[in-house]
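Please look through the sequence and the model before reading on; the paragraphs that follow move from the overall fold to individual residues and then to charged pairs.

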Amino acid sequence: MADTRTIADALGDHGPYAVWDLMNDDERLAAAQALWRDSDREARAAVEMALAKELKFRPGSVRKLGADKIAARLVRMAPDFPETLLFQFLFYLHMADRRPIMVEFLDAVGVPHDNGVLDLPDDAEPPSAEAVEKAARELMKKHDHQALVYLATLLVADKDLWAGVKPVLADQEVAQD
């Protein structure tokens, strides 16, 4: 019998690619649409260049395409993107569609934020691992899969700040194909 692999293990080995693997097709599509629609200039430029190469278009032509036209292609291309660009899919998914979960979690941990965007002073103490773990377990009870994707994204974003999430994800097994 093979050893059980946890989501925490997968994240440690594969970072944002492991989060991508957790997501269902609808989430991946929503992430691609959010990235295309809402991304900052740097992320958008990287996506446009990759799409232009893939589609054999000029970057200027790619810029004119709507999210609905290219989202499915972005989903197919995402696993081949660099880790930093793939993380942008995750980031924009949460900023666009999952803000209430972010706000709920950050409020429960007691971390200052502006509608889900961290507002930590440079000298701020990180939240206690115990407070993070408790809030993460509550979020999982209430939001199940969406919470799982969010918490995995947090751990990939900053494993030190969100260390309390790791025991929660260590309790979750990776689904076997």
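**From fold to residue contacts**

The secondary structure of the protein chain amounts to 10 helices and 2 strands, and, when read along the sequence, these elements follow the pattern α-α-α-α-α-α-α-α-β-β-α-α. The radius of gyration of the chain is 17 Å, close to the 16 Å that the globule rule gives for 177 residues, so the chain is as compact as a globular protein of that length. This is a predicted model, and what is described here should be read with that in mind. Taken along the principal axes, the box filled by the C-alpha atoms comes to roughly 50 × 50 × 25 Å.

Of its 177 residues, 44% count as buried, while, among the contacts with a separation of 6 or more, 66% are accounted for by residues 24 or more positions apart. The chain exposes about 10,100 Å², of which carbon and sulfur atoms supply 48%. As for charge, there are 21 positive and 32 negative side chains, and the centres of these two sets lie 10 Å apart.

When its neighbours within four places in sequence are left aside, Leu151 is in contact with Phe105, Ala136, Leu139, Met140, Val165, Val168 and Leu169. Asp68, by contrast, is 83 residues from Leu151 along the chain, and the C-alpha atoms of these two residues are separated by 27 Å.

Ala78 and Ile101 are 23 residues apart in sequence, and from C-alpha to C-alpha they are 24 Å apart in space.

Attention can now turn to the backbone, where two residues other than glycine have positive phi values. Lys56, with phi near 60 degrees, lies in the loop between α4 (41-55) and α5 (59-63), and at 73% relative accessibility this lysine counts as exposed. Asp144 has a positive phi of about 45 degrees although it is not a glycine; this aspartate is found in helix α9, and at 53% relative accessibility Asp144 also counts as exposed.

Which residue forms a salt bridge with Arg5? The partner is Asp13, and the closest N and O atoms of the pair are 2.5 Å apart. Arg5 is partly exposed, with a relative accessible area of 30%, whereas Asp13 is exposed, with a relative accessible area of 52%.

Another salt bridge brings together the side chains of Glu104 and Lys142, at 3.5 Å from N to O. This pair links distant parts of the chain, with Glu104 in helix α8 (residues 99-109) and Lys142 in helix α9 (residues 129-157), 38 residues apart. Glu104 is partly exposed, with a relative accessible area of 27%, while Lys142 is exposed, with a relative accessible area of 58%.

A further pair lies within helix α9, where Glu133 and Arg137, being 4 residues apart, are separated by about one helical turn. These two residues form a salt bridge in which the closest N and O atoms are 3.0 Å apart. Glu133 is partly exposed, with a relative accessible area of 24%, and Arg137, at 30% relative accessibility, likewise counts as partly exposed. Elsewhere, salt bridges that share partners join Arg44, Glu48 and Arg63 into one network.

How values were computed. Residues numbered from 1 in each chain as written. Predicted model: local features only at pLDDT ≥ 70, side-chain atom pairs only at ≥ 80, totals over all residues. Heavy atoms only, no water. Salt bridge = Lys/Arg side-chain N within 4 Å of Asp/Glu carboxyl O. Buried < 20%, exposed > 50% of the residue type's maximum accessible area, 1.4 Å probe, protein only. Rg over C-alpha atoms; globule rule 2.2 N^0.38 Å. Contact = heavy atoms within 4.5 Å. Areas by Shrake-Rupley, 256 points an atom, 1.4 Å probe, with all protein chains shown as cover. Lys, Arg positive; Asp, Glu negative; His and termini not counted. Charge placed at Lys NZ, Arg CZ, Asp CG, Glu CD.
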